[in-house]
Structure formats: structure tokens, C-alpha cells
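I opened this model to take notes on it, one topic at a time. The entries below follow the order in which I looked things up.

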Amino acid sequence: MSAALVTLKGLRVSFDGQAALRGIDLSVAPGESVGLVGESGCGKSVTWLAALGLLPGRAQISGSVKLDDVELLQARPHVLDRVRGGRIAMIFQDPASSLNPVHRIGKQITEALRLHRAMGGAAARAEAKRLLDQVGIPDAARRLDAWPHELSGGQNQRVMIAIALAGRPELLVADEPTTALDVTIQAQILRLLQDLRRDTGMALVLISHDLGVVADSCERVCVMYAGRIVEQAPSARLFSAPAHPYTRGLLGALPPLDGPRRRLAAIPGGVPEPWAMPPGCAFAPRCAMHVSACDAAAPEQVGVAPGHRAACIRATLPASHHQAAYA
Amino acid sequence: MLRFFGSRLLRAAVTIVMVVTFAFIVLRLSGDPAQIIMGADAPPEAVDAFRTAWGLDQPVWLQYFHYFGAIFQGDLGRSMRDGRDAIVLVMERIPATLALTIPALLIKLGLGIPAGITAALHRNSFIDRAVMLMAVAGFTVPSFVLGLLLVLVFAVQLGWLPSGGQESWRHAILPIITMGVGGAAVLARFTRSAMLEVLGQPYIRTASAKGVPWRAVVWGHALPNAAIPTVTIVGFMVGSLIAGAVVVESVFSWPGVGRLLVVAVANRDLAVVQCILLLVAATMVTANLVVDLLYGLLDPRLRNQPKRATGAA
Ligand SMILES: Nc1ncnc2c1ncn2[C@@H]1O[C@H](COP(=O)(O)OP(=O)(O)OP(=O)(O)O)[C@@H](O)[C@H]1O
Ligand SMILES: [Mg+2]
């Protein structure tokens, strides 16, 4: 892998003494697209909010987040303000409430242009219009003067993307950008993100709890469970040869492409509560492959194949063995 | 927009009529003005003559009818005590009341809003706790208690300021502080919770995520949103510029509208009481209309019917 753009090392976050992240190691190369999947509450959002210093003050954060060689966790506010939106942009799940209701769309875009590209006045307005065109908003010139409540959810998410693009970031973190949208519009937004990544060359981190979505749109997938990354691999490889029993469970729970949608409930049991984390592997209590060695210590990620790592002491067993357990 | 205001104006008028009617009935049911004004030992013929002179011998509904008829000709009646026009008596007192309530309002705004914002921005810090402690205190202690306390300390003990009267600007200081502190406390609490609510909104995180420095997030993104609910309570304070000083004027013997009201109620000086209530209702209702207008200015979501964009995303 080429030199990383962003590197997270041993990132830990806790709220009021309860761990939300328990050591995240993850790097994103320039231009790469990485998917981050996992069940609700596993720490996907917190990972990137922590990286950008967007968590509330009571969150306790340790570890390291490096952008090139600059450490972001202890960075001073003015350094962070240059990075946010300028080098790493982030968009969120609920576009309707993510835009400021009392400012016009155009103003919210030109604000980013002024901050990161020193543009103002007519030039900024023209560039804002171009950005709205680029994200596929019809009648962009007139939309500049619209208020967020006058646009649909999908259009608001496009506006959010336009704001994110305004600073010409090297990485766009999209945190469940389509969860709040209609199914047809979800596909359009995902397509748009793909196109923009191809056109601008920026890297993309796509957060989702839908393994199918992530595998379709990303080159590499990281699977999170209870505040840790349990497996990462190129998308195709993750589907053909999942190494972690949790990933296998998720894949087993994926609905067939042509069949009706099923609930993601194929894995028995539930995620352990933060105050009741097992001493060893957090997945052990639900794991069909569980052996007593699993409870000794949280397993480190081990290489399974080039670019494929899994945090499971039994990951190197032949795949057929696991499949039997979930048949 | 016009229809919106038409309906608001109608509601305002109905409110005023209701207040005036209610006052009219209650005042006539709760004691005989003739007896009170003439004194308990006045000869019955004199009391009867007084009743006839002021139309108090007529049925209440007829009095009410006459009263409203007169209002629409701009006649708010005369004081039964000294025979002067009630409106003149009331107008004479307004400057004295405003001399207290306007500076008090400035204290409320100038102290309450910044305190609330600061507390919210430093949530759970020492500053926040201190502001909230003072706010709770200022808001629980009734204004007459606070007024008496201030008199005790600054007039009686220290002798720095006069305890009552209206001879100089120094006489106004204690009543103004008494009123200002309570209002500032209310406003501080309200502003703080409005700010906290806004600071937790996703669009604040969006602003930070796009690189807006924190100061600019607060001024440009949080405050304009927090102003929307705060306007309600400020409007209420503006609305009580005339009526809000009853207690304080009594404590400090300040000859304003509030004192006039207390005296007029005690005397059953019907026209004066009704005139004051009408004025109070009118100020309240006007302030409310202004608040509605400000809402429209501050919140684009209320300005026009959402004309949703058509077509797909
Ligand atoms: N501001 C916060 N205060 C306290 N706890 C928090 C806060 N934000 C997140 N958490 C906790 O951190 C854990 C991880 O949350 P996070 O939002 O990262 O989950 P997620 O993987 O993004 O889930 P989802 O798919 O629901 O968005 C959760 O247990 C959550 O309760
Ligand atoms: Mg999330």
C-alpha cells in the first residue's frame, strides 16, 4: 500500500468511563475508497468524529490520528479548522437537520469557499453554483437562494456534498449518507459519491451498516464490532473468503439479491454492553467457533492473505470449517 | 402574510375585549364603589345620589353597554374620586413607570442574555453553576422580598440610597435593580436552555466539520437559531413595561401606573382601573404581534409556506 493519507493508531474513546472505541487501527491511502460497516453502536461514527475533534468535551480520547505526519488529536484549534473541510470533509446521516435552517443554501456553501479557498463575492457565488451543478441539483442558480426546508432530503444531502466538496478535500467521510433517504434516492447518492471520487481523486470513507452497499461502492471494507475493527479486506475477497466468524455471520444474514429483504438477525445473541465486555474477544459469547483460548485476551489482527487481516485466533482455519457452523 | 396578520389582529382585539369585560364584571361584583368612596358612615341618601350620578343604579349589562359605547367614542370614563378623565390620570403616571421599567428591561437583556450564553458555552463548568445558582435565586425570590432586602441593606444599614420616593434619580436605583435582577434571572435560564438545545443540533456539528472556527460557529450558526425562542420571552418582558411594576412601585412608593392601579382598586375607582387594564392588555397584545413579526424575520421556515422543490433528489 502507498503512503497513507490518514492513519489511526490505537484510537480509544470513552464516554463517562464507558469505552466506545477500544483501539482502532485503520489507514486510508490517497484516493482510496474504504467502507466501514458494523451494527448500530459499534463505533463507526465515533471513530471519525474523534479523528476530526468533533466529539463533545466529555469524550476521553487517546491514541493517534495522523494526517500525513501531522498529529490531529492534540492539534490546536486553528490547525484543526484548516483540516476540517479543507483536507478531510465529513457528511452525516440526517441531511435535513445537518443544514442550518436560518441560512440560505448558497451562504452555507460560500462559507466553506471563503474559509478554504479565500473566495468571496461573485466568484464564490459562481463557484457555489458550479458545485450545485456538479452534485446534480437542477436549476442551481435559483437554488442558491433557497432555504434548507424548501428542499427534499435527497437534495439536502446533495447540498451537504457540495459543501464538503467546496474545500477540495483529500478525504470525504460519508457517515451513513443515505440512511434517512428513500431507496431510489439512496442509489443516486451512492452513484454520485462514486462519480465524484473518480472525478476529483479524493479518498472516500463510506460508513454504513449495510455490507452490500459498502462492498458495491468501496475497494476495501473494514468490519467493526463493539469498538474494534475485526476484519479488513478488499471487498471481493471479503465476500469470497471472510475470515472472521462475525463477518461470516453478517454475510450469512445478507438477503439474497433477488429475494425479499430479511432481517439481519442470523447471529444469535446481542452485542455485549460496554460495561460488560468479555475479557477476551468481544464476539466470543456469540461465536459458533468459540474455544476457551478466545477468552484469554482480545485477539490482535493477523494477516490472512495480502491486504486481508482478521482479529480472530481461528481465522486461519479453512473456510469450509466455518461455513458448516453457520449452515 | 396579510391573512396571517389579519387573523392575528382579530385575535388581539378579542383578547382585549375579553380582558376589559372580565375586569368590568369582577369589579362590579366585588364591592360597592359608592359605599367605599363615600365612606361607611355616609348618609344613605348621599350614597344613593352618588350611585345615580355615576349610573351605578342601572343593571350591569346596561352599564357595560354604555361603557363600550363610550370607548368607541374615545371616552374611557372619569375617575369617581376627582372627576378627571381616567385616561389623563393614567397618562400622567406612565413616564414615572417607564423610568423604572425601561432601565430594568435593559438590565434584564444586558445581563440575562450574555449570562445565559456564557453558561451554555461552558456547560457544567464553574461559570455555568455560578450563573445557574444566581439565576435560580433571582428567580425564586419574589420581587417584594428582594426589594425589602435591598432597602434593608442599602437604605437602612448602609444609608447609601433612599428607601422610597421619587425625588431624584438615586431613588430609582433600588427599584430598577429589584426588577432587573428577577427578569435577568429568568432570561439567563431561558437563553441558556435555548443555546444548549441549539448547540446539540446536527447543523452545529456540520459547521465545525466544514472548518468554521468555534467563535464563528457560536455567532453565525448558534445564536441566530437560539434567538428564535428567546424572542418570545423578551416580547413578554416588553409587553409588561407598563404593568410589570405594580409590586415594586408599591414597595418603593414610586408614583407610577402600578401604584395608581393599587389605589384605584382599593377605592373601586372603576373607570381608572378599567383604563389601566385596557392599556395593559393593549401593550401585551401589541408586544405579541411584534413577536410574531420577529419570528417571521428570524425563522425562514415560518416566513412562507414551504414550496417544496419538485422532482427527484
Ligand atoms: N456523545 C455521546 N455521548 C455518549 N455516548 C456516545 C456519544 N456518541 C456515541 N456514544 C456511544 O458510543 C458508541 C458508538 O456510537 P456510534 O455513534 O459511533 O455508533 P455507530 O456505529 O455510528 O452506530 P449507528 O449505526 O447507529 O450510527 C455507542 O455505544 C454510543 O452510545
Ligand atoms: Mg453512526
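Before the first entry I set down a cut-off: a residue is buried under 20% relative accessible area, exposed over 50%, and partly exposed in between. I also note that this is a predicted model.

**Entry: two arginines with positive phi**

I began with backbone angles. Most residues other than glycine have a negative phi. Arg268(B) is not a glycine, yet its phi is positive, about 55 degrees. I found Arg268(B) in the loop that runs between helix H12 (257–267) and helix H13 (270–298) of chain B. Is Arg268(B) buried or exposed? Its relative accessibility is 15%, so Arg268(B) counts as buried.

I then looked up Arg168(A), which also is not a glycine and has a positive phi, of about 50 degrees. Arg168(A) sits in the loop between helix H7 (153–166) and S7 of chain A. Its relative accessibility is 56%, and Arg168(A) therefore counts as exposed.

**Entry: ligand 1**

Next I turned to the ligand. Which residues are closest to ligand 1? I counted 14 residues around ligand 1, and the closest are Ser40(A), Gly41(A), Ser45(A), Val46(A) and Glu176(A). By class, the shell splits into five nonpolar, five polar and four charged residues. Helix H1 (residues 44–51) of chain A gives the largest share of this shell, three residues.

From an N or O atom in the side chain of Ser40(A) to an oxygen atom of ligand 1 I read 2.5 Å. A polar backbone atom of Gly43(A) is 3.0 Å from an oxygen atom of ligand 1. A nitrogen atom of ligand 1 has a polar side-chain atom of Arg58(A) at 2.9 Å. On its own, ligand 1 has 630 Å² of accessible area, and the protein covers 66% of that.

**Entry: strands of chain A**

I went on to the sheets. Strands of a sheet pair through backbone hydrogen bonds, either parallel or antiparallel. In chain A I found an open sheet of four strands in the order S2-S1-S4-S5, with antiparallel pairing. Why does one side of S2 and of S5 lack a neighbour in this sheet? Strand S2 (18–28) and strand S5 (70–71) of chain A are at the edges and have a single partner strand each, so one side of each is left without a neighbour in the sheet.

Strand S1 (residues 6–15) of chain A pairs with S2(A) in the antiparallel sense, over eight bridges. I picked out one pair there: Ser14(A) has Ala19(A), in S2(A), as its bridge partner.

A parallel case is also present in chain A. S6(A) pairs with strand S7 (residues 171–175) over four bridges, in the parallel sense. Ile91(A) has Ala174(A), in S7(A), as its bridge partner. I checked which way the side chains of S6 (residues 88–91) go: Ile88(A) and Met90(A) point one way, Ala89(A) and Ile91(A) the other way, and all are buried.

**Entry: what UniProt lists**

I looked up the record for chain A. In an unreviewed entry, UniProt lists "domain: ABC transporter" at residues 6–251 of chain A. In the model, residues 6–251 of chain A are 41% helix and 26% strand, with the end C-alpha atoms 28 Å apart.

For chain B, UniProt places "domain: ABC transmembrane type-1" (unreviewed entry) at residues 94–295. That span of chain B is 82% helix and 0% strand, and its end C-alpha atoms lie 29 Å apart.

The unreviewed entry also lists "transmembrane region" for chain B, including residues 12–31 and 231–251. I find residues 12–31 of chain B to be 90% helix and 0% strand, with 30 Å between the end C-alpha atoms. Residues 231–251 of chain B are 71% helix and 0% strand, and their end C-alpha atoms are 30 Å apart.

**Entry: two residues in helices of chain B**

Thr97(B) lies in helix H5 (residues 86–121) of chain B. With a relative accessible area of 1%, Thr97(B) is buried. What does the side chain of Thr97(B) contact? It makes a polar contact of 2.7 Å with the side chain of Glu249(B).

Val26(B) belongs to helix H1 (residues 2–29) of chain B. Its relative accessible area is 38%, so Val26(B) is partly exposed. From Val26(B) to Leu199(B) I read 173 residues in sequence and 47 Å in space, C-alpha to C-alpha.

Technical notes
Residues are numbered from 1 along each chain as its sequence is written. Chains are lettered from A and ligands numbered from 1 in the order in which they are written. This is a predicted model: local features need pLDDT of at least 70, side-chain atom pairs count only at pLDDT 80 or more; totals for chains, interfaces and linings use all residues. Side-chain values use heavy atoms; hydrogens and water are left out. A residue is near a molecule or strand if one of its heavy atoms lies within 4 Å of it. A polar contact is a pair of N or O atoms within 3.5 Å; within protein, one must be able to donate a hydrogen and the other to accept it, and residues adjacent in sequence count only if both atoms are side-chain atoms. Accessible areas come from the Shrake-Rupley method with a 1.4 Å probe; for residues, only the protein chains shown count as cover. Ala, Val, Leu, Ile, Met, Phe, Trp, Tyr, Cys and Pro count as nonpolar, Asp, Glu, Lys and Arg as charged, and the others, Gly among them, as polar. Buried means under 20% relative accessible area, exposed over 50%, partly exposed in between (1.4 Å probe, protein chains only). Two strands pair if DSSP finds at least two bridges between them. UniProt positions are given in the numbering used here, feature names are shortened, and annotations may be inferred rather than shown by experiment.
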